[in-house]
Amino acid sequence: MDDLQFRRQAYGDPNNQSEEFLAHLAENQDDAKFVKDLKAFDHKLTQALSIDVPNDLADKLILRQQLSQHQKSKKHTRYMMAMAASVAFIVGVSFSLLRFTPVNLGDNSLAHVHHETKALIMEQDIDFNDVNFKLASIDGLSDSKFIQQPGRVFYTSYCDFQGIKSLHLVMADELGNKVTLFIVPIENRIVLEEAFADNQYKGKSFQTADAYMVLVGEPASDLDFVKKEVENTFI
């Protein structure tokens, strides 16, 4: 065995027990001492790496992981709470400002009719008592009611005029044309227009003791007929 081959085997495995390796050690005193030193170093290295694992190491590692996750969760929660507080503040300010913004009934009514197109295709027959039931839950209109059927009512639902809860009806004029009626509680910030229109609908507004009445219909609709029906049945 040449010296280079010996060195490779000695570094790779100083405890090599092959006949050729052991014979080389027996014949070369210096190489035998070199292998002895390698074995001593290998033994020290093995001892250094042989560390007893604490019995509770697994529990400690799990606890550390849980604490790390908890800290991350707390940071995320604080961030989300801060974001929610910011949003709530903005919404609160916006809502407060909204309550002081003038409400143009004509513009808002036209916007509602354009947006809620499903209301104009409904073909129900709604009794005036059902309408009164909804009126009773609206602030400012709880004492208002229809004393009899104001013609045919196709549709009824709540609607919102910039924070003012109101009632949305679809009724019939004398010829059966559909006319939308909004019943809106009286508030100081409401701007009432007696007549208004856009390129598709015309409108008319009037006031009763406790409510603003807004009528919207197509050009062929008889708004005056529906107005008389409401005036004769609503108190």
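Buried means under 20% relative accessible area, exposed means over 50%, and partly exposed is whatever falls in between. Keep those cut-offs in mind as you explore this predicted model.

**Stop 1**

Select G151, in the loop between α6 and β2. Is this residue buried, partly exposed or exposed? Its relative accessibility is 27%, so G151 counts as partly exposed. Along the sequence G151 and M171 are 20 residues apart, yet their C-alpha atoms are 7.1 Å apart in space.

**Stop 2: the hairpin**

M171 belongs to β3, where V153 stands opposite it. Colour β2 and β3 (residues 164-172) and follow them side by side: they pair in the antiparallel sense over eight bridges. Together β2 and β3 form a hairpin, with two residues between the strands. Click on Q162 in the turn, which has a positive phi of about 50°.

**Stop 3: the whole sheet**

Strands of a sheet pair through backbone hydrogen bonds, either parallel or antiparallel. Which kind of pairing does this open sheet have? The pairing is antiparallel, and six strands line up in the order β2-β3-β4-β8-β7-β6. At the edges stand β2 and β6 (195-197); each has a single partner strand, so one side of each is left without a neighbour in the sheet. Turn the view, and you can follow how neighbouring strands are turned by 20° against each other on average, direction ignored.

Inside that order, pick out β4 and β8 (residues 211-217), an antiparallel pair joined over seven bridges. Here I183 stands opposite M213 in β8.

**Stop 4: aromatic pairs**

Time to show the side chains. A pair of aromatic rings is described by the distance of the centres and the angle of the planes. How many aromatic pairs does a search of the whole structure find? The search finds two.

- Select F146 and F234: this pair is edge-to-face, with 5.1 Å from centre to centre and 70° between the planes. The pair links distant parts of the chain, 88 residues apart, with F146 in the loop between α6 (128-135) and β2 (153-161) and F234 in the segment after α7 (223-233). Both F146 and F234 are buried.
- Select F161 and F182: their ring centres are 5.3 Å apart and their planes are at 80°, so this pair is edge-to-face. Because F161 lies in strand β2 and F182 in strand β4 (residues 178-185), the pair ties together parts that are 21 residues apart in sequence. F161 and F182 are both buried.

**Stop 5: charges over rings**

Stay with the side chains and select K165 and Y158. The charged end of K165 sits over the ring of Y158, 4.2 Å from the ring centre. Then select K178 and F154, where the charged end of K178 sits over the ring of F154, 4.8 Å from its centre.

**Stop 6: a helix with two sides**

Finish at helix α2 (residues 19-27). Which of its residues are buried? They are F21, H24 and L25. Look down the axis of α2: these buried residues fall within an arc of 100°, so they line one face of the helix. An α-helix has 3.6 residues a turn, so residues three or four places apart point the same way.

Conventions. Residues are numbered from 1 along each chain as its sequence is written. Side-chain values use heavy atoms; hydrogens and water are left out. Rings of Phe, Tyr and Trp (its six-membered ring) pair if their centres lie within 6.5 Å; planes under 30 degrees apart count as stacked, over 60 as edge-to-face and the rest as tilted. Helices (H or I, at least four residues) and strands (E, at least two) are DSSP runs, numbered from the N terminus. Buried means under 20% relative accessible area, exposed over 50%, partly exposed in between (1.4 Å probe, protein chains only). A charge sits over a ring if NZ of Lys or CZ of Arg is within 6 Å of the ring centre and within 35 degrees of the ring normal. Two strands pair if DSSP finds at least two bridges between them. The arc is that of the directions from the helix axis to the C-beta atoms. Axes are lines fitted to C-alpha atoms, for helices over the stretch in contact, and angles run from 0 to 180 degrees between N-to-C directions.
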